[in-house]
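Please examine the structure shown below before reading on.

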Amino acid sequence: MTSRGRAEDDGGDLVAAGSSRDTRGEPDAARGDLVFPDGFIWGAATAAYQIEGAVAEDGRGASIWDVFSHTPGKVASGHTGDIACDHYHRYADDVRLMAGLGLTAYRFSVAWPRIVPDGSGPVNPAGLDFYDRLVDELLGHGITPYPTLYHWDLPQTLEDRGGWAARDTAYRFAEYALAVHRRLGDRVRCWITLNEPWVAAFLGYATGEHAPGRRDVPAAFRAVHHLLLGHGLAASALRSAGAAQLALTLSLSPVIEARPGSGEAAARVDALANRQFLDPALRGRYPEEVLKIMAGHGGLGHIRDGDLETIHQPLDLLGVNYYSPTYVSAAEGEPANPAFPGSEGIRFERPDRPVTAMGWPIDADGLRTLLLRLSRDYPEVGLIITENGAAFDDRADGDRVHDPERIAYLDGHLRAVHDAIMAGADLRGYFVWSLLDNFEWAYGYHKRFGIVYVDYTTMRRIPKESALWYRDVVRRNGLRNGE
């Protein structure tokens, strides 16, 4: 049987299972059930390098993750994204799976090296053709596309010229964004510029845990600014070209005092982790404490007159990626955490809480706290959860994958989301991370975040029990009381 036939069988099984799974009716607020607002967006998210594969097909150039993953010792077990989930060839079947789940939206990323293989210069029509087909397939199934223009796969040629530590990369990003818009702008309403610039800058350029694997703190702070500048340049260009909605996705985490008397420590880490990105994008300025830290790590010469005005573009949505809070305490003499330059005298704590397979604390209330804080401090922008999910040690048992921990995780976080909406948070939608098990960056294929299981030998997709549970939530637009 061809791979296409196998995936279609799986999709058919999913639809058949859904036809009789839930006969208890819709949520009823009078019974205490949780009903989400009309029009609430229900989706799932992925990223290009994590799922597409086909890294040498149809004119695609090399990305920093191609080079990094092929460097011995950088990725667990020597795994690479060369094949990943083979989504490049199986996208139609994957869209059919989404339709079987009743999703109304899909957040994916566009691979810059597919579109502009050398980072600048000629555009590759074959790369655009793939996303053209994907968008049409989504729309044909009633699923709204939410493309992210940068999810960490910088063309290697641009890294060779300095990467995000070089100012020119921001301008090349805006050019690439316009090239994608020219092809897809007639069908795509909302454009997300960047995904998690904190990760791209500090794990890529300070700790070396992610591509491009550099350990250069001044370069990391320059990368922060140039990523934000690229966002601003691209957002301005897209708006001028007629983009209806613009968004920026940030990895955000409430910072919690693990011990009394750690208020200054929490405020400093909040500035480094959250406000370093929120304030330039939404206020047009860096936090003063960040500028002081930045000045001590290479100076401020990379911030030019007019840059912050460029970065501060009107946004329709702020994408929120949430996994867990950050717990800190004051600890005199503690060296800085390498991922947070400027965090001297602060200890990053591990609370006594259940954790995911990533070792990340499970704290759904942190999401409610974060959403309310954002709505309070940045009321001018609507919110959308662009990633939330968890990795667990899933195993397939024939055609079933029993993952009760993930169902409990998602249920708890969606209840926190509903609480935040009821308390006034302007939240428009939720994208579960991730649609598929995939290449989890430096962890390779050892961590499974998907609601759909991927057998990496056969590429067979198996909807996990969490996928069936999520499908029912989407269909009801709510959660039943006591589930």
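Helix 9 provides the largest share of the lining of the largest cavity, namely 3 residues. Helices (DSSP runs of H or I with at least four residues) and strands (runs of E with at least two) are numbered from the N terminus. The model is predicted, and local features need pLDDT of at least 70, side-chain atom pairs count only at pLDDT 80 or more, while totals for chains, interfaces and linings use all residues. Residues are numbered from 1 along each chain as its sequence is written, and side-chain values use heavy atoms, with hydrogens and water left out.

On a 1 Å grid over the protein atoms alone, a cavity is a set of points where a 1.4 Å probe fits but cannot get out; a pocket is an open set with protein on both sides within 12 Å along at least five of seven lines, and lining residues have an atom within 4 Å of a point. Grid points are joined across faces, edges and corners, and a volume is the space filled by probe spheres set on the points. By this rule there are 3 cavities of 30 Å³ or more, and the largest cavity holds about 70 Å³ of space. Among the residues that line the largest cavity are Trp-65, Tyr-150, Val-199, Ala-200, Ala-211 and Pro-212. Helix 3 (64–69) and helix 9 each supply at least two residues of this lining. By class, the lining of the largest cavity has 10 nonpolar, 1 polar and no charged residues. Here Ala, Val, Leu, Ile, Met, Phe, Trp, Tyr, Cys and Pro count as nonpolar, Asp, Glu, Lys and Arg as charged, and the others, Gly among them, as polar.

Which element gives the most to the lining of the largest pocket? Helix 9 does, with 3 residues. The largest pocket contains about 1200 Å³ of space. Its lining consists of 41 residues, of which Trp-198, Val-199, Leu-203, Ser-324 and Trp-360 lie nearest the centre. The elements giving two or more residues to this lining are helix 9, helix 11 and strand 9 (326–330). By class, the lining of the largest pocket has 22 nonpolar, 13 polar and 6 charged residues.

Helix 9 (residues 197–205) also packs against helix 11 (residues 263–283), at an angle of about 125° and with the axes 10 Å apart. Axes are lines fitted to C-alpha atoms, for helices over the stretch in contact, and angles run from 0 to 180 degrees between N-to-C directions. Helix 9 is therefore oblique to helix 11; angles under 35 degrees count as roughly parallel, over 145 as roughly antiparallel, 65 to 115 as roughly perpendicular and the rest as oblique. Pro-197, Trp-198 and Phe-202 in helix 9 meet Leu-272, Ala-273, Gln-276 and Phe-277 in helix 11, where contact means heavy atoms within 4.5 Å. This contact has 6 nonpolar, 1 polar and no charged residues.

A second pair is formed by helix 4 (residues 87–101) and helix 6 (residues 125–140), which pack at an angle of about 15° with their axes 10 Å apart. Helix 4 is therefore roughly parallel to helix 6.

Finally, the backbone deserves attention. Ala-211 and Pro-212 are joined by a cis peptide bond, with omega about 10°, and Pro-212 is found in the loop between helix 9 and helix 10 (217–240). Another cis peptide bond joins Trp-433 and Ser-434, with omega about 5°.
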